[in-house]
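Thank you for making the time this morning. I would like to walk you through one structure, going from the whole chain to a few single residues.

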Amino acid sequence: MGGESTTRTAPRSGGTGRDPVGGKAGQRLSGLAVAVGLVLFLAGFAWAAVIYRPYIVPTSSMVPTIGIGDRVLAQRVDGGQVHRGDVVVFHDKTWVQNSAVIKRVVAVGGDTVSCCEQGRLTVNGKQVDEPYLKGAEAGGFPTVKVPQGRLFLLGDERQGSLDSTAHLTDAAAGTVSRDAVDARVDAVVWPMKGLLERPTGFEALGALSQPGPLRTITMMIVAGAVLVLAGGAYGPIATWLGGSRARTRTEPAGAR
């Protein structure tokens, strides 16, 4: 009738039958993104579970590098992979019964180590710069010749740490067997302090350990999560965009 007004909605895709935001191709891509994302996400966690072990540090012996109650991730390594400057987790019944200990390796088999000259640790006649001590004074101790296959370890809190200096009168002169090492600390994950700084002061004495794959694992997990979220969001976004386009194509139709 002449006095009536109606509206007419144009076809959503101009009559072609296509999905306005990609159709089947878009759905396939979103499914692929979710699948790849899940693989990356789960593979990252599986890799981390194989390579790393979590520990909680109960004492202040590694302050300021690691605080009381900090959660760390330590890479499982063989004792033969340990280098000077590494922060390691080990078990030694002459130190602590039925508990892991975390200390920094400052000398390895064949080294001579002493403290202190001009406030610095001396290894094989070379003074070692230890910026991770943050100005803390190292406790003095006489020269120790580290037997082959053993390690000399100190806490970063040199005044209060029960480390090799507290066991100098033991049969092993405070040293620990390489075989006692379970893992090497790679990062403090809570609070999120990140990867440990490389102990560059030991470079003049020999090669340093290389960081573990934690950075790569983290990238895999983050990338996987992003892909899963992006792929999963395709459907709702496509529906919203389709509805939005349909509304913009609504035309007024007068009486004819």
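Predicted model: local features only at pLDDT ≥ 70, side-chain atom pairs only at ≥ 80, totals over all residues.

**Overall picture**

The protein has an accessible surface of about 14,300 Å², and 58% of that surface belongs to carbon and sulfur atoms; accessible areas here come from the Shrake-Rupley method with a 1.4 Å probe, and for residues only the protein chains shown count as cover. Residues are numbered from 1 along each chain as its sequence is written, and side-chain values use heavy atoms, with hydrogens and water left out.

The protein contains 2 helices and 14 strands, where helices (H or I, at least four residues) and strands (E, at least two) are DSSP runs numbered from the N terminus. Of its 256 residues, 39% count as buried, and buried means under 20% relative accessible area, exposed means over 50%, and partly exposed lies in between, again with a 1.4 Å probe and protein chains only. If we take the contacts with a separation of 6 or more, residues 24 or more positions apart account for 70% of them, a contact being heavy atoms within 4.5 Å.

**Strands and core**

Which residues have the most contacts inside the largest nonpolar core? They are Val106, Val113, Leu121, Phe141, Phe152 and Phe202, in a core of 17 residues, and a nonpolar core is a set of buried Ala, Val, Leu, Ile, Met, Phe, Trp, Tyr and Cys residues joined through side-chain atoms within 4.5 Å. At least two residues of this core come from each of the strands E5 (101-108), E6 (112-117), E7 (120-123), E9 (141-145) and E10 (150-154). Leaving aside residues up to four places away in sequence, Leu121 touches several residues, among them Val106, Val113, Phe141, Leu154 and Phe202.

Val36 is found in helix H1, residues 23-51, and is partly exposed, with a relative accessible area of 37%.

As for the backbone, most residues other than glycine have a negative phi, and most peptide bonds are trans. Against that background, a cis peptide bond joins Cys115 and Cys116, with omega about 10°, and Cys116 has its place in strand E6. Another cis peptide bond joins Trp190 and Pro191, with omega about -5°, and Pro191 sits in the loop between E12 and strand E13 (194-195).

Asn124, in the loop between E7 and strand E8 (126-128), has a positive phi near 55° and counts as partly exposed at 32% relative accessibility. Ala173, in the loop between E10 and strand E11 (176-177), likewise has a positive phi near 55°, and at 24% relative accessibility Ala173 counts as partly exposed.
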